Amino acid sequence: MPATHTTLAQHVAIVTGASSGIGLAVAEAMAAAGAAVVINYHSQEAPADDLAERIIAAGGRATVIQADVADEADVARLFNETVDVYGRVDIVVCNSGVQKDAAIADMTLEDWNTVIDVNLTGQFLCAREAVRHFRRQPRSGRPARSAGTVIAMSSVHEIIPWAGHINYASAKGGSRMLTRSLAQEVAADGIRINAIAPGAIRTPINKEAWETEAALEKLLRLVPYGRIGEPEDVARAAVWLASDDADYVTGTTLFVDGGMSLYPEFRDNG
Ligand code: NAD
């Protein structure tokens with residue numbers, strides 16, 4: 001993976017849940033753009049180590065740190081260890097997420113709590129720690145115009161209701177308002193807070209939706225652009241959103257969804 005550009009040179013980025021899927025691609029793309037990357041993982045250490053090795057072999061900087069984003073002490077440690085290694089933090093991508101799908105009558109409180117804890121409380125804990133660190137860092141010597149930036153990995157389900165997934169859709173709806181409310185709160189500090197809403201991206205979280213031809217064909221009926229998204233589609237958007245090229249962008253959600261949120265069922269029904 002050659003370092004292709006330097007949009008994020010001298011930046012330090014933490015990417016949560018970076019041992020697979022979208023997080024892995026985001027960490028790799030940010031490293032290729034010149035950032036030192038902290039690859040956070042929860043339980044899959046081997047792919048996180050492999051990614052760090054690839055980045056370092058390509059001349060980049062990467063460190064692997066285990067942490068549960070739903071655990072307050074773990075999140076504080078993730079940030080403190082990042083600062084121990086790199087001296088600062090400029091970009092935080094709150095990417096970790098899980099699904100525990102069930103119809104309402106069968107959804108256990110544990111299914112509900114797990115998804116809210118990881119997908120929403122995890123974003124709160126990481127964003128709070130990010131703001132604390134951004135405010136504490138010296139104003140001089142910043143690599144970016146902003147004092148720091150947070151990207152929350154949301155979903156098209158921050159606006160599209162999703163039967164059978166009320167825990168997930170509730171967490172992503174919460175992420176939408178977390179992004180907007182926090183952006184409003186910290187904009188005067190020069191801190192930018194945004195979200196990315198991926199549509200259907202080929203990762204382990206939604207394997208059953210693309211692994212067979214029949215499932216993929218059904219999925220693509222929901223995607224006007226006519227293809228499934230790849231983690232790199234989201235990663236390129238994240239690099240842009242984290243960079244000074246997006247310096248005037250805060251409190252918004254960038255949809256990376258091939259048009260999935262455009263009510264595709266109305267295409268031939270006008
Ligand atoms: P994935 O399962 O490959 O990645 C999820 C990551 O979160 C994994 O690395 C996992 O280890 C990590 N994680 C889970 N629990 C954690 C915890 N307690 N602490 C730290 N990390 C934890 O799936 P993905 O598709 O790459 O998902 C990444 C994000 O993108 C999620 O927030 C997901 O909701 C969102 N998203 C994905 C899609 C899609 O189509 N794949 C669509 C919209 C949104």
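I count a polar contact as a pair of N or O atoms within 3.5 Å; within protein, one must be able to donate a hydrogen and the other to accept it, and residues adjacent in sequence count only if both atoms are side-chain atoms. The model is predicted, so I note that local features need pLDDT of at least 70, side-chain atom pairs count only at pLDDT 80 or more, and totals for chains, interfaces and linings use all residues. Residues are numbered from 1 along each chain as its sequence is written, and side-chain values use heavy atoms, with hydrogens and water left out.

**Ligand site**

I began with Gly97: one of its backbone N or O atoms lies 3.3 Å from an oxygen atom of the ligand. Asn206 puts a polar side-chain atom 3.0 Å from a ligand oxygen atom. For Ser96, I found a side-chain N or O atom 2.8 Å from a nitrogen atom of the ligand. The ligand alone exposes 810 Å², and the protein buries 93% of that (Shrake-Rupley method, 1.4 Å probe).

**Sheet**

Next I traced an open sheet of 7 strands, with parallel pairing, in the order β3-β2-β1-β4-β5-β6-β7 (pairing needs at least two DSSP bridges). Its edge strands are β3 (61–66) and β7 (253–256). Strand β6 (191–198) pairs with β7 over 4 bridges. There, Ile196 has Leu254 of β7 as its bridge partner. I also saw helix α3 (72–86) pack on the sheet, touching β1, β2, β3 and β4 (contact means heavy atoms within 4.5 Å).

**Arg267**

Last, I checked Arg267, in the segment after β7. Arg267 touches Arg221, Val223 and Pro224, not counting residues up to four places away in sequence. Its side chain reaches the backbone oxygen of Arg221 at 2.7 Å. Pro224 is 43 residues from Arg267 along the chain, yet their C-alpha atoms are separated by 8.5 Å.

Note on methods. Helix = DSSP H or I, 4+ residues; strand = E, 2+ residues; numbered from the N terminus. Axes fitted to C-alpha atoms, helices over the stretch in contact; angles between N-to-C directions.
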